[in-house]
Amino acid sequence: MDAMTILSTRNLTKAYGGIRANTDINFDLPKGQIMALIGPNGAGKSTFVGMVSGRITATSGDVFFEGNNISKLPAHKRIARGIAYTFQITSVFTGLPLRENIALAARRKLGSDKAATDIKVAQVLDRVGLTDRADMIAGDLSYGHQRILEIAMGLAQDPRLFILDEPTQGLTELEVENFIKLIKSLAGETTILLIEHNMDVVMKTADQITVLNQGEVLAAGTPAQIRANKAVQAAYLGTTDA
Amino acid sequence: MEFGPHLMLASLEGAVTAAILALTAMGLSIVFGVMRVVNIAHGEFFMLGAVIAWWVASLLGGHPAIGFVLALVLAPLIVGTLAAVADRFILQRINYDPDRTIVATIGLLYIIQQTTLMTFGPEARPVQPPFNTRLALPWFEYGENGFAMIWPWGLSITSYKLFVIVAAITIITGLWLFLTRSKAGLLMRATQQDSETAQAFGVPVQRVYSWVFGLGAGLAAIGAVLVVPIQQAHYLMGQDPLLLSFIVVIIGGLGSLPGTIIAAILIGMSDGIISVFFSPTLAKIIATLVVAMVLVFRPQGLLGKSEG
Amino acid sequence: MTNQHRVHLLHFGTIALLALLFFVLPAYHVGNLARIMVLATYAIGYNFLFGYTGLLSLGHALFFTAGMYGLGLAMTQFGLPSAPALIIGLIAACLVSAVIGFLALRTSGVAFMIVTLMFAQAGYLTILYFGTYTRGDEGFVIQQAKRVMFGIDLSSEVSRYFAALILFSICFLTVARIVQSPFGKTLIAIRENEERARMLGYDTGAHKLKAIIISGTISGFAGAAYALLFGYAGATFATVQYSIFPLLWVLLGGAGTTVGPLIGVIFMFYLIDLSSSITSAYMLIAGVALVLLAMFAPQGLAGTLRKRWFKWMP
């Protein structure tokens with residue numbers, strides 16, 4: 001673990017009763033990179049990021065963020081240290097206006113500085129292209145726009161580590177293209193951990209890929225290395241048309 | 001009376017409370033288990049059962065047993081029908097939205113309670129038990145001549161109270177068979193597992209819900225018919241059974257029927273025992289706080305598994 | 001006119017209207033309105049937790065009576081003057097709500113309702129158990145001569161009305177301000193989607209505890225004021241019914257709106273006032289109202305107004 005590593009896990013394990021969802025995961029994420037986490041359904045990807053963000057309590061093992069052991073911290077304290085998390089199943093404040101959704105995300109850091117919050121909200125809205133819908137109730141937005149709002153709420157937190165759990169699920173092709181552009185524009189600003197099924201998105205955005213299979217790390221490397229990896233092909237890529 | 005016989009008496013009284021409570025709480029538990037509905041009006045269905053029992057008995061006259069048997073059939077039928085109607089015309093219309101259901105059933109609580117006040121009146125009215133022989137109970141003591149059987153003064157129970165315990169066990173066993181063996185029970189369990197899939201497979205979910213709501217209320221009514229020869233009918237008598245049933249259902253693990261029965265025995269017995277040894281008010285305070293603490297520190301119920 | 005102006009106009013207009021009504025209404029209704037304002041303060045406290053934070057408590061009577069008996073016992077048992085007794089009432093409500101909040105917040109949903117109900121029930125029974133001091137169901141009267149604060153006799157019609165108005169205004173404006181603040185907006189976020197709020201980095205547990213304490217203290221303030229202004233404290237106020245009343249008022253008026261509690265209390269007060277002259281079973285009206293509300297107007301009167309016409313309403 002060097003100074004350039006923002007997130008690492010050591011022997012991170014989650015067991016539900018006797019069933020192990022994650023076994024001894026050792027994982028290092030260099031600062032500033034876009035890391036994709038891939039693997040077949042049920043490989044334990046969501047469990048893994050759940051344990052990193054604190055939504056799921058680990059059975060054993062440790063999580064380090066910027067060199068500090070955060071394993072014992074509750075979720076909200078981990079988030080407050082600079083981790084943002086977007087949900088696999090869209091989870092926005094459906095009863096509140098879009099603007100307030102983003103303001104809530106920004107406000108935790110900006111506190112009661114109303115002017116700074118307003119500026120941040122305007123910037124984020126502009127960046128994701130939802131300015132003209134800012135006053136709509138989030139629940140009235142289309143599915144695709146709700147997914148984008150979910151990402152916008154992550155951006156508004158100015159995270160140092162941004163975890164996205166299957167952000168492109170259910171998006172149209174055009175929306176996926178826009179998403180790829182957005183993620184690429186974030187390169188250098190923040191570190192991204194991306195769970196993704198769409199291999200096109202993975203190959204276009206990721207600097208590094210980690211493959212999970214049956215709760216264990218199967219392989220890790222650059223997209224080219226992963227593409228060439230026989231074990232990955234057998235376990236995962238071989239079963240899809242990617 | 002010495003401690004031993006006293007405790008035995010308290011346990012028997014506790015068993016009667018537990019028997020009634022098990023029936024009433026089963027009703028609440030089935031409704032919660034299948035429909036995920038929190039029925040605040042459950043205690044009023046109990047009260048209605050008791051009032052109907054009094055009404056049947058006083059209309060018929062003659063030997064108390066005739067009225068009692070008739071009430072045992074009529075009360076759950078009338079109360080169950082009423083509940084099914086309320087389900088059909090109120091709860092189904094609001095789609096069982098959790099908050100609105102709570103509000104609506106609080107409303108039902110007052111409607112039933114206050115209508116009873118207007119018609120039945122504010123008095124507590126007794127109902128004659130069908131039979132009521134006092135049975136003395138023996139106690140064993142170790143004396144000079146080894147073990148001896150003695151008959152302590154005051155250690156006795158009425159035949160009716162024993163009947164209540166037996167009746168409750170019989171009804172619960174019958175209910176168990178109904179739920180596990182009959183087709184109607186199968187439909188209920190299918191609905192409980194996954195109402196959408198059940199609907200897709202042609203289960204008339206709406207009608208099952210009405211039946212379940214009626215069945216739950218009917219069970220409370222049976223409990224009340226059994227208790228009314230001991231306790232008297234009164235328009236406010238629904239409050240305690242409601243609170244106790246909720247405690248039982250939550251401690252037993254929401255919606256779990258075996259858990260509900262075990263919790264009913266636990267709560268009923270300890271309620272009976274505590275109230276024999278302490279002043280009733282203090283006993284209630286202690287019991288309420290103890291159960292509240294159980295809920296606070298084991299919110300998944302005593303039988304539920306903790307997460308992770 | 002910006003929305004902010006509209007909000008101020010609504011809030012200060014409400015208070016001005018209440019002040020004006022004193023000079024316009026006949027004595028009977030002035031007396032009613034003084035009571036309504038105290039009960040509306042209780043409803044404001046309840047609404048803060050239920051309407052804005054999304055926690056349905058069935059035990060608020062405990063907080064109301066903590067304030068009521070805190071003040072009442074301080075005055076009758078320890079002979080304290082009204083001002084320090086009021087402070088004791090507030091402290092009592094604050095402490096009780098902190099302890100209950102700390103315990104009850106370990107649960108959620110139905111269990112939270114039942115646990116709060118049970119704690120309140122234990123509180124009611126405790127009042128009965130210490131009947132020597134509390135005089136149980138019968139309650140006790142606070143002598144008229146003692147009900148004086150800063151030299152003003154609070155038992156007179158005028159001072160009682162305006163004391164109730166001041167109480168109401170303080171709590172009304174405080175809550176209105178809090179719910180527009182970042183803290184209040186976080187509470188609303190918790191009501192809407194607690195898991196999301198937590199994963200935005202908010203300590204939702206601490207927020208909910210603060211909300212219960214604020215809600216309980218306002219409710220206790222109302223309870224203490226009730227004892228002081230009307231000179232009576234009794235165990236009736238600790239019963240389940242008095243935990244359900246604020247739920248009813250808030251639902252009727254509109255949960256999560258600033259003016260809802262007042263509207264709800266006014267409606268329910270006069271509905272019961274009218275029906276109790278016809279029947280002793282006046283709670284029947286409350287029952288019918290609840291069922292109708294659940295079926296046709298789940299957002300209450302002010303909530304429906306907001307949804308239809310005045311989207312800016314706080």
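I looked up Phe245(C) first: in this predicted model its relative accessibility is 8%. The cut-off for buried is under 20%, so Phe245(C) counts as buried.

I then checked Trp249(C), which has a relative accessible area of 5% and is buried. Phe245(C) and Trp249(C) form a stacked aromatic pair. I noted 5.6 Å from centre to centre and 10° between the planes. Where do the two residues sit? Both belong to helix α11 (residues 240-253) of chain C, and because they are four residues apart there, about one helical turn separates them.

I looked for charges over rings. In chain A, the charged end of Lys14(A) sits over the ring of Tyr16(A), 5.1 Å from the ring's centre.

I turned to the contact between chain B and chain C. How many residues does the contact take from each chain? I recorded 40 residues from chain B and 36 residues from chain C. About 3,400 Å² is buried between them, and carbon and sulfur atoms give 85% of that area. Val103(B), Tyr110(B) and Val296(B) supply 18% of what chain B buries against chain C, more than any other three residues.

I searched this interface for salt bridges and the rule found zero. For polar contact, it found three residue pairs. Among the helices of chain B, α4(B) gives the most to the side that touches chain C, with 14 residues.

Definitions and conventions. Residues numbered from 1 in each chain as written. Chains lettered and ligands numbered in written order. Predicted model: local features only at pLDDT ≥ 70, side-chain atom pairs only at ≥ 80, totals over all residues. Heavy atoms only, no water. Phe/Tyr/Trp six-rings, centres within 6.5 Å; stacked < 30°, edge-to-face > 60°. Helix = DSSP H or I, 4+ residues; strand = E, 2+ residues; numbered from the N terminus. Buried < 20%, exposed > 50% of the residue type's maximum accessible area, 1.4 Å probe, protein only. Lys NZ or Arg CZ within 6 Å of the ring centre and 35° of its normal. Contact = heavy atoms within 4.5 Å. Buried area = accessible area lost by both parts, 1.4 Å probe. Salt bridge = Lys/Arg side-chain N within 4 Å of Asp/Glu carboxyl O. Polar contact = N/O pair within 3.5 Å; in protein donor to acceptor, adjacent residues only side chain to side chain.
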